[in-house]
Amino acid sequence: MSTVLDDINAGVREDLASRRRLVSLAEITERAAQAAPARDAWAALGGPDAVRDNLAVIAEIKRRSPSKGDLASIADPASLAVQYADGGAAVISVLTEQRRFGGALADLDAVRARVDVPLLRKDFTVDEYQLFEARAHGADLVLLIVASLSDSQLNEYTEISHSLGMNVLVETHTPEEIERAVAARARIIGVNVRNLKTLDVDRSVFATLSGLIPAEALIIAESGVRDAADVEHYAAHGANAVLVGEALVSHATPQERIAEFMAAGASGRVSRG
């Protein structure tokens, strides 16, 4: 029986096949090589400092999701990205998956043209082509979901991303997936409290798993952020950054919300200490 993640990945492969018929791997590789140098998302999120006192916000441009349906129309993703940047977002995440999330590579292009902060291409990576595609369209950081990839793919795609100058956010949801991420020498490890196979959210997962991540890695809390209290909770359990979509796109003044979340993160770190 297929899971939600299996179904998403199947759609991603179909859409990717269509794009490859228009632009070959050789051509997209050349476009990636000609792109402006990638920005340093690792530094933007808090590395390489050994002591990271502030909590960073990865602000996501997200029209809809499989769990919640339509969230926001976002006719002008570039303008929203400017608000995110003005609010202090360390990284802006641009969803490019079309079928379930309403995203597009055109959104990434539009955002790249308007903001200077590092960009995460948020998609379901199932082929090396997508890495060159991400760099060609201006991404500085890519997502690799451990549950979607074999160990060999995880290592290969990490190496390709690094060769292109991009950082990698390696997403996990279980202790075994964290082991695999660490074995792949991941430096930015995300803990998604949403189970992508069922779409269920369990915020307690973060506190359980964050302690398994090596101190030298950056820890990203993904999903489940409703308000400042959630951000404070993640910060208190070791998060260096939170990835937030719905709570921002559904808010009238997202830049103020980002500032609120950053303050909550600082408060959470104090309580942790």
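A salt bridge here is a side-chain nitrogen of Lys or Arg within 4 Å of a carboxyl oxygen of Asp or Glu. You are looking at a predicted model, in which local features need pLDDT of at least 70 and side-chain atom pairs count only at pLDDT 80 or more, while totals for chains, interfaces and linings use all residues. Residues are numbered from 1 along each chain as its sequence is written, and side-chain values use heavy atoms, leaving out hydrogens and water.

Select D116 and R39 to begin: they form a salt bridge whose closest N and O atoms are 3.7 Å apart. D116 is exposed at 64% relative accessibility, and R39 is partly exposed at 28% (buried is under 20% relative accessible area, exposed over 50%, partly exposed in between; 1.4 Å probe, protein chains only).

Next, pick E246 and K68, another salt bridge, with 3.0 Å between the closest N and O atoms. E246 lies in helix α11 and K68 in the loop between β2 and β3, so the pair ties together parts 178 residues apart in sequence (helices, H or I, at least four residues, and strands, E, at least two, are DSSP runs numbered from the N terminus).

Now try D123 and R121, bridged at 3.4 Å between the closest N and O atoms. Shared partners join R19, R121, D123 and E133 into one salt-bridge network. D123 is buried, at 5%.

Finally, show helix α8, residues 175-183, where E177, I178, R180 and A181 are buried. Looking down the axis of α8, these fall within an arc of 160 degrees, so they line one face (the arc uses directions from the helix axis to the C-beta atoms). The face turned away carries the exposed E179 and A183.
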